[in-house]
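Dear colleague,

Please find the structure below, handed over for your study. My findings come after it.

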Amino acid sequence: LPQRYRDELPPQPPPISSADGPENSNLDPQSDAYNRDCSISPEIPAFIAFTTKSNNYGIYRVYPHGRPSYTPDELHTLHQVSDSSTFVKDPNKSESRTWWAPLGSLLKGIQENYFTPFLNASVFRLMTWFYGGSNLKSLGELNRLVNEVILADDFQQKDFVGFSASHESEHLDKHDQGHTSSRLPAKDGWIEASVNIALPAEGVKHRSEADAPQFSVPGLFYRRPLEVLKSAFQEDVAENFHFSAHQSYWKQSPESPPQRIYSELYTADAFIMEEEKIKLLPQEDGLENVVAGIMLWSDSTHLTSFGNASLWPIYMFFGNLSKYIRAKPTSFAAHHLAYIPKVCSLVLH
Amino acid sequence: LTQETDCFQLVDSIQDAYRLEFVKSATAAVLTHCKCELMHAIWILLLDEEFMHAYVHGIVMECIDGILRRFFPRFFIYSADYPEK
């Protein structure tokens, strides 16, 4: 096959196993040059950069602040860097975030008590079968009864002791009434707030901005950014987070000059310089200082094809996560931080 | 045009408050200014004292490998389409 038709698979990251050891850690001219340029206080000795071996593409990494204490590279799979609806699903996929995860704990309650208002999962399944699907007794409906109800893992015969169909449907009716409370309850991390803005007017002077008339804009829903950050770094997907910045280089041959590769947030100079600053801070309690790279996006989003329902969300992403994972819609890597009240310019008489 | 109707109420109420205060309507420029102020007010709310403390002093969290590390939140990208337009 001619070379132009060959589709190379993305390479594995350069290895950092304990057996490897630095190849030429102190001697790498690139990292030395970097350390001279970037050190904030010259009297503090520069960090000893850790250089990995090259992978089969001739790509290697320089960790300017020393050997990383953790990298997600052992978890690297082809599935993380490829995505298509025609691909076979990764059987042991590590991207375990669910579609509701970006909303925080908002829907967790629904997920954990999915059989509310029924007392247990078995009754819930039977009632769901009863109210769902077709009204007619059919072979398809019978299959659904067996597969979705009787064969379900959480189906138990003893759950039906004292079962009464009319009683259960009453449960359902009662549940619908009086449960119209806010969709974004505060206990789930979402806070409803209003913010004040000062109103200006031409030719009207106030002693200070605080004296200007205030207008209260209601209807802002938000989650506290620190709480979002905490949950993001402690959920399972955080195993793919990079805690140490590095520079990525490519050498065509061992003799060629190294070529810098820019790709991820944690390989960017801005990230490395921030890491440098916090690594120079004292290590309280002997704990490693790590940069939590926040990226914010915000734009109006239409929710429907018809009508005008729209949201103005602020999304928070973490640059510690590889863009190959972060940008996959199926990874649900976004964290919803706030919904801004929509203000648009109309009414100008 | 349809898109604008769902915000009618809010803009109406800001106009009402404005007229009550200054006995004239807010101009387009004033409304744009107010929307800009709204963004800033929201960010003042979001970046609360607790967050700013973590920004300066870090926040200790247990990582997936069981090791405690001190994290410093840092902003690298703020990509937003402002609602003032």
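This is a predicted model: local features need pLDDT of at least 70, side-chain atom pairs count only at pLDDT 80 or more; totals for chains, interfaces and linings use all residues.

Residues are numbered from 1 along each chain as its sequence is written, chains are lettered from A and ligands numbered from 1 in the order in which they are written, and side-chain values use heavy atoms, with hydrogens and water left out.

Although A:Asp285 is not a glycine, its phi is positive, at about 55°. A:Asp285 sits in the loop between helix H7 (269–279) and strand S7 (288–298) of chain A; helices (H or I, at least four residues) and strands (E, at least two) are DSSP runs, numbered from the N terminus. A:Asp285 counts as exposed because its relative accessibility is 67%, where exposed means over 50% relative accessible area (1.4 Å probe, protein chains only).

B:Val23, also not a glycine, has a positive phi of about 55°. Its place is the loop between helix H2 (8–22) and helix H3 (28–46) of chain B. With 74% relative accessibility, B:Val23 counts as exposed.

The second largest pocket is lined by 25 residues, and those nearest its centre are A:Pro13, A:Arg61, A:His76, A:Glu264 and A:Tyr324. A pocket here is an open set of points on a 1 Å grid over the protein atoms alone, where a 1.4 Å probe fits, with protein on both sides within 12 Å along at least five of seven lines; lining residues have an atom within 4 Å of a point.

Yours sincerely

Definitions and conventions: Buried means under 20% relative accessible area, exposed over 50%, partly exposed in between (1.4 Å probe, protein chains only).
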